[in-house]
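My notebook is open and the viewer is loaded. I jot down below what I looked up, entry by entry.

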Amino acid sequence: MEAMKPPFFPLYRRLREHLEQDPIGQVAFVRAGSSIADVPLNHPIYNLDVGGGSLLVIGPYEAFLALDWLGPVERVQTFGQIGPTGIDTFATLQTKHLNGMAQLLLRSWAPR
């Protein structure tokens with residue numbers, strides 16, 4: 001739920017108002033990514049039992065932007081990499097939305 005707070009932040013509301021006034025044209029492409037380094041293997045992100053994976057920790061933020069600015073998802077293409085605990089440690093999503101496209105990149109780095 002924490003990732004769903006941005007629409008209520010005053011700065012985000014100002015950004016939405018600014019974009020709705022069309023200063024640069026309609027947003028048609030979102031590219032967002034994140035990488036988390038040195039996450040211990042006992043972290044929930046690597047635990048299949050709690051729904052872990054690279055989307056668990058930071059992915060909702062990127063997905064929110066794409067959905068909020070581009071509308072509903074119509075098509076998704078994914079690519080990922082499975083880590084030592086059987087959970088994806090890398091995921092890239094290309095999504096086609098009603099009003100555009102998005103590229104989302106998420107990576108979790110486990111200590112070696």
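**Entry 1: ground rules and overview.** I call a residue buried under 20% relative accessible area, exposed over 50% and partly exposed in between, with a 1.4 Å probe and protein chains only. On that scale, buried residues make up 30% of the 112 residues in the protein chain. I keep in mind that this is a predicted model, where local features need pLDDT of at least 70, side-chain atom pairs count only at pLDDT 80 or more, and totals for chains, interfaces and linings use all residues. Residues are numbered from 1 along each chain as its sequence is written, and side-chain values use heavy atoms, with hydrogens and water left out.

I took helices (H or I, at least four residues) and strands (E, at least two) as DSSP runs, numbered from the N terminus. The protein chain has three helices and four strands, in the order α-β-α-α-β-β-β from the N terminus on. Its C-alpha trace spans about 50 × 30 × 20 Å along the principal axes.

For the surface I used Shrake-Rupley accessible areas with a 1.4 Å probe; for residues, only the protein chains shown count as cover. The protein chain exposes about 7400 Å², and carbon and sulfur atoms supply 60% of that. I then counted contacts, meaning heavy atoms within 4.5 Å. Among contacts between residues at least 6 apart in sequence, 63% join residues at least 24 apart.

**Entry 2: helix α3.** For the twelve residues of α3 (residues 59–70) that gives 16 Å, and the end C-alpha atoms are 16 Å apart, so the two agree.

Which α3 residues are buried? I noted G59, E62, F64, A66 and L70. P60, also in α3, is partly exposed, because its relative accessible area is 27%. P60 and S108 are 48 residues apart in sequence, and their C-alpha atoms are 14 Å apart in space. Just after the helix, G71 takes a positive phi of about 90°.

**Entry 3: the strands.** I count two strands as paired if DSSP finds at least two bridges between them. How many bridges join β2 to β3? Nine bridges join β2 (residues 73–82) to β3 (residues 88–97), and the two run antiparallel. In this pairing Q77 stands opposite Q94, and R75 stands opposite K96. The two strands form a hairpin with five residues between them, and G86 in the turn has a positive phi of about 85°.

β3 also pairs with β4 (residues 100–108), in the antiparallel sense over eight bridges. F90 stands opposite R107 there, and a hairpin of two residues joins β3 to β4.

I stopped at T89, which sits in β3. T89 is buried, with a relative accessible area of 6%. Leaving out residues up to four places away in sequence, T89 touches Y46, S54, Q81, I82, G83, L106, R107 and S108.

**Entry 4: salt bridges.** My criterion is a side-chain nitrogen of Lys or Arg within 4 Å of a carboxyl oxygen of Asp or Glu. Searching the whole structure, I found three salt bridges.

- E20 and R16 meet at 3.7 Å, N to O. Both lie in helix α1 (residues 10–20), four residues apart, about one turn of the helix. E20 is exposed at 58% relative accessibility, whereas R16 is partly exposed at 24%.
- R16 also meets D68 at 3.5 Å, N to O. R16 lies in α1 and D68 in α3, so this pair ties together parts that are 52 residues apart in sequence. D68 is partly exposed at 27%.
- K96 and E74 meet at 3.4 Å, N to O. This pair links distant parts of the chain, K96 in β3 and E74 in β2, 22 residues apart. K96 is partly exposed at 32%.

Salt bridges that share partners join R16, E20 and D68 into one network.

**Entry 5: a nonpolar patch.** I built patches from residues with over 30% relative accessible area and no salt bridge, joining like charges within 9 Å and nonpolar side chains (Val, Leu, Ile, Met, Phe, Trp, Tyr) within 5 Å. L67, V73 and V76 form a nonpolar patch on the surface, with about 230 Å² of accessible area together. V76 lies in β2 and is partly exposed at 46% relative accessibility.

Methods
Expected span 1.5 Å × (residues − 1).
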